[in-house]
Amino acid sequence: MADHFSGPRILIDPASDVADVYTFPSPDRPGRLVLALDVFPAAAPAARFSDALVYRFRVRPVARDGQGFSVGDQEYTLDVTFDAPGASAGSEPSAQTGTCTLPGGEQLRFPVDEATETGGVRIFAGPRLDPFFIDLKGVLATDAIEQLAFQPEGASNALQGANVLAIVIEIDPAAVFGPDAGPLLGVVGETVIAGGRPTRLERMGRPEIKNVILASKKFDQVNRDLEIRDLYNEEDAFAVRPDYEGAYRARFDANLAFFDRLAGDIVWPPGEDGTHPLTDLLFADFLVVDTSKPFSESSSFEIERAALAGREHTTCGGRAPNDDIVDTLYTLLVNGVDGERISDGVDQATRPATHTFPYLVAPNPTPPDAMTVLTSLLPPPAEEPAP
Amino acid sequence: MDRGDVRTTDGTLALANLTAQVDMLVGQALPAGSPDSAAHRILEQQATLVDLLTLRGHLLGCVADYERAFQVADRMVATAPHSAIALSARARTRATLHRFADAWSDLDAAHRAEPSVDGLDADRSAILQAVGCYEEAELLLQNAASQQSDFASLSAQAVLYAERGSIAEAVQAFAAAHDAHRGVSPFPLAQLDFRRGVMWMREGDLTAAHEAFDAARRRVPAYAPATGHLAEIELLRGNAAAAAGYLRPVAETSDDPEYAAHLVLALRGLGQHDRARVWRDRAKRRYDELVRLHPEAYADHAGDFWLGPGGDPGRALRLAQWTLVMRQTPRARAVVERARAAVGASSPDVR
């Protein structure tokens, strides 16, 4: 699942668990940029944002650089914080109020669960239907049997009917970041401890980096016993600490080689030192969006694929909620830049996102519990032999 | 809200999220015979559910949550009898209910099933500590340190030092654990403050204990055991009205009769004997029930009750001696001594 439950530590503190990050040019208002952050996977109706966290978007200008990207020094952050329920004067006991701090320091107050617009900035925060979709059963089986195990017939979305807590912000990038920012931007979503030591708890750029690419330990001969995701979550996506860089790269190289073996042919021959050709690109773990291009529903990884192929990109890249990222990612990892498309058999969310703000659709009032979701991943029970 | 030097999520909000998380994890059990990666993932989630129920049970003084955690873990073992995750989860729930021998057997079975599984030494250490084997517990805790977070390791050390009476070392370890905490959940720090309060209470430093329990309650206002201990301190200080103020809401919501028992003392102190009698009868019924269902966990508490507001020292002595057979802790010995003294005072022939 995109970044849901991405590491053991986060299981005990779901309000800080980043499930997804999206960024895309607004389909609703051309010229605007949308940033969306989903947290609290499988959220029950009573779930609330933490009042001790900063829910943060970090944005930096990036530029194409060979088969990857160079990152600019200028950084724009949009910080979203929440009061405890009922803490605001005159509010209902269960109501939360949020504050969005723009890169220039301007603060916008907004009620949770209500779309608002202040000074051209649109904000929504509250429960939404999880827009992600995946045949998790096929993903797990692929890892277990070390062969592509997607079975489009009968595949089901592991997140069917599940909710998340979502933060959606729509801005005019020229107004908020300045006229010189972009058009190519790198975007990361994070949860950070508010006040005191601003410790990062989770971060996410591209989907499925942790849960699909980094999670499996069995191919990594360097750190076979290391649950690497908690460490990886703490890192600055734009400046990874050198302390563990070797460990991350070893895991990327080993696991990416596994995906390449799935179809038999090797489309990503490793370098002489064993480095996988995708490691550098994916290790720079941020979404890349081109704000000069119009909205596209299916442009995830297009800018990255263009960089790998040495051609101009043609779309906005980034990531829109309805994009079938699992198919796109497996195709890239297994069959290469322009390889035959792989399908996990699940092509859309419970209800697709819309093209009007806040894009993500209303939550399911009776979401399935997580155990039901997980139990659906199990193979059907063997039939009793006839007497 | 800023709670001292380490900011954590509002305790009421965090409890609501904990309940929301528990609600989303209850559901179907693992079907028998599903030994693949999905089954492993389900078992991990169920183990999380077991730990979350146990946490909520502790915070709210909810015995029903402990029982539910045990039922989930028992079902896990029934469907995956050779899973170290399932066996160690059940061991933790059995230890919570003070069924230490059964818990130890589960940990042995977990080790046989998966010798390299993490966490078994920490679980064993907690059991040894609970039964008063502090030296062995410390050795295992040292082994476990490499498998745990700094916070988990240091807080376990702090509690061990506190239990065995090494106060200077405990104070240092409590502070180190506090500094090592990561994340915004208020529960780990509230529990740490609570355990620090228990240490000072045992040492007789009521001012330090009050500060620690108060700190725990600032992080989690509904923290029942911290509230109960604050009430005990007020009772010891002769402030029955303040004690009753702490205890009334907890006694109403908790299914652990300890709060009702203390409320009896507070109400007697206020001269409200009729109301005290109502709470005493309620506590009696619940202690009888819990001693029948979970004798290992509640015999000593029931002993305390019969020695105090229950008013039956003979019954208290029988329960205290029974507890002492199960575990040779300073607390168990102290209850026996007090019960003997009380029985001796009421009937000089009994020894």
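1. Confidence. The predictor assigns the complex an ipTM of 0.81 and a pTM of 0.88. For chain B the mean pLDDT is 89, and 92% of its residues reach 70 or more. Where pLDDT is low, the predicted coordinates should not be read in detail.

2. Overall form of chain A. Chain A contains nine helices and 13 strands. Its radius of gyration is 20 Å, close to the 21 Å that the globule rule gives for 387 residues, so chain A is as compact as a globular protein of that length. The C-alpha trace of chain A spans about 65 × 60 × 40 Å along its principal axes. Of the 387 residues, 52% count as buried. Among the contacts in chain A with a separation of 6 or more, 66% are made by residues 24 or more positions apart.

3. An open sheet in chain A. Five strands of chain A form an open sheet in the order 1-2-10-9-8, with antiparallel pairing. Strand 1 (18-25) and strand 8 stand at the edges; each has a single partner strand, so one side of each is left without a neighbour in the sheet. From one strand to the next, the twist averages 15°.

4. Strand 1 of chain A runs antiparallel to strand 2 (residues 33-39) of chain A, and seven bridges join them. Within this pair, Thr23(A) stands opposite Leu35(A) in strand 2.

5. Strand 9 and its two partners. How much of strand 9 (residues 121-129) of chain A is buried? Nine of its nine residues are buried, and the strand is described as mostly covered. On one pairing, strand 9 joins strand 10 (residues 163-171) of chain A in the antiparallel sense over eight bridges, and Ala125(A) stands opposite Ile167(A) in strand 10. On the other, strand 8 (residues 116-118) of chain A pairs with strand 9 in the antiparallel sense over three bridges. Here Thr118(A) stands opposite Val121(A) in strand 9. Strands 8 and 9 form a hairpin with two residues between the strands, and Gly119(A) takes a positive phi near 55° in this hairpin. In a regular strand the side chains alternate between the two faces of the sheet.

6. Gly318(A), a loop residue. Gly318(A) lies in the loop between helix 7 (302-309) and helix 8 (325-335) of chain A. Is Gly318(A) buried or exposed? Gly318(A) has 29 C-beta neighbours inside 10 Å and therefore counts as buried, the cut-off being 20 or more. Not counting residues up to four places away in sequence, Gly318(A) touches Thr23(A), Phe24(A), Leu287(A), Val289(A) and Ser299(A). Gly318(A) and Pro25(A) are 293 residues apart in sequence, and their C-alpha atoms are 8.5 Å apart in space.

7. Asn223(A), another loop residue. Asn223(A) is found in the loop between helix 3 (209-214) and helix 4 (229-234) of chain A. With 17 other C-beta atoms within 10 Å, Asn223(A) is partly exposed. Leaving aside neighbours within four places in sequence, Asn223(A) is in contact with Ile228(A), Ala247(A), Ala250(A) and Arg251(A). Of these, Ala247(A) is 24 residues from Asn223(A) in sequence and 6.8 Å from it in space, C-alpha to C-alpha.

8. Helix 6 of chain B. Ten of the eleven residues of helix 6 (residues 120-130) of chain B are buried, so this helix is largely enclosed by the rest of the structure. The buried residues include Leu120(B), Asp123(B), Arg124(B) and Ile127(B). Against which helices do the buried residues of helix 6 of chain B pack? They pack against helix 4 (84-96), helix 5 (100-113), helix 7 (134-144) and helix 8 (150-164) of chain B. After helix 6 comes Gly132(B), with a positive phi near 90°.

9. The largest nonpolar core. This core has 221 residues, and those with the most contacts inside it are Ile134(A), Val187(A), Leu247(B) and Leu263(B). Helix 2 (residues 37-60) of chain B gives the most to this core, with ten residues. Leaving aside neighbours within four places in sequence, Leu263(B) is in contact with Ala244(B), Leu247(B), Arg248(B), Ala251(B) and Trp279(B).

Terms used:
Residues numbered from 1 in each chain as written. Chains lettered and ligands numbered in written order. Predicted model: local features only at pLDDT ≥ 70, side-chain atom pairs only at ≥ 80, totals over all residues. Buried ≥ 20, exposed ≤ 12 C-beta atoms within 10 Å, placed from the backbone. Helix = DSSP H or I, 4+ residues; strand = E, 2+ residues; numbered from the N terminus. Pairing = 2+ DSSP bridges. Contact = placed C-beta atoms within 7 Å. pLDDT = per-residue confidence, 0-100. Core = buried A, V, L, I, M, F, W, Y, C linked by C-beta atoms within 7 Å. Rg over C-alpha atoms; globule rule 2.2 N^0.38 Å. Axes fitted to C-alpha atoms, helices over the stretch in contact; angles between N-to-C directions.
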